[in-house]
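Student: I have a new structure to look at. Can you walk me through it?

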Amino acid sequence: MMGNEKNESDERPVHQVTVSSYQLGKYEVTVGQYKAFCNATGTKMPNPPTWGWIDIHPMVSVSHNNAVAYCNW
C-alpha cells in the first residue's frame, strides 16, 4: 500500500501499487558520475547542497525526470 490519509494532498489516497520489475544499483550514483551524465547530455546540475558538490559523495536533489534520464543514459 502506498499513500497517506493525512492532509498531504500529493500522497492521497492510500492505494495498492504493484511493481512488475525494476533494477537496483549496488552503490549510490556519485556526484562525479552524475556530472558526467550532465556534461554528455547538456543537463543542468541541481543547486548544490550546503557542503557543495564532492565527486565521491552520493548525488542528491535530482528530480524524478532527471533520475529517469540518467538511468536511460
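Tutor: We go from the whole chain to single residues. This is a predicted model, where local features need pLDDT of at least 70, side-chain atom pairs count only at pLDDT 80 or more, and totals for chains, interfaces and linings use all residues. Residues are numbered from 1 along each chain as its sequence is written, and side-chain values use heavy atoms, with hydrogens and water left out.

Student: OK. How many helices and strands does the chain have?

Tutor: Two helices and zero strands. Both terms refer to DSSP runs, numbered from the N terminus: helices are H or I, at least four residues, and strands are E, at least two.

Student: What is the radius of gyration?

Tutor: The chain has 16 Å, whereas a compact globule of 73 residues would have a value near 11 Å. The radius is taken over C-alpha atoms, and the globule rule is 2.2 Å times the number of residues to the power 0.38. The C-alpha atoms fill a box of roughly 40 × 30 × 25 Å along the principal axes.

Student: How much of the chain is buried?

Tutor: Of the 73 residues, 14% count as buried. Buried means under 20% relative accessible area, exposed means over 50%, and partly exposed is in between (1.4 Å probe, protein chains only).

Student: And contacts between residues at least 6 apart in sequence: what share joins residues at least 24 apart?

Tutor: That share is 39%. A contact means heavy atoms within 4.5 Å.

Student: New topic. How many disulfides are there?

Tutor: The count is zero. A disulfide is a pair of cysteine sulfur atoms within 2.5 Å. Cys38 is in no disulfide, and the nearest cysteine sulfur, in Cys71, is 13 Å away.

Student: What about Ser61? Where is it?

Tutor: Ser61 is in the loop between α1 (31-41) and α2 (64-72). Ser61 has a positive phi of about 65°, although it is not a glycine. With a relative accessible area of 56%, Ser61 is exposed.

Student: And Val60? What does Val60 touch?

Tutor: Leaving aside neighbours within four places in sequence, Val60 is in contact with Pro46, Pro49, Trp51 and Trp53. Val60 also lies in the loop between α1 and α2. Val60 is partly exposed, at 28% relative accessible area. Val60 and Pro46 are 14 residues apart in sequence and 8.5 Å apart in space, C-alpha to C-alpha.

Student: Now the helices. Where is Gln33, and what does Gln33 touch?

Tutor: Gln33 is in helix α1. Not counting residues up to four places away in sequence, Gln33 touches Glu28, Tyr70 and Trp73. At 37% relative accessibility, Gln33 counts as partly exposed. Gln33 and Gln16 are 17 residues apart in sequence but 34 Å apart in space, C-alpha to C-alpha.

Student: Last one: Asn65. Buried or exposed?

Tutor: Asn65 counts as exposed, at 59% relative accessibility. Asn65 sits in helix α2. Asn65 and Lys35 are 30 residues apart in sequence and 16 Å apart in space, C-alpha to C-alpha.
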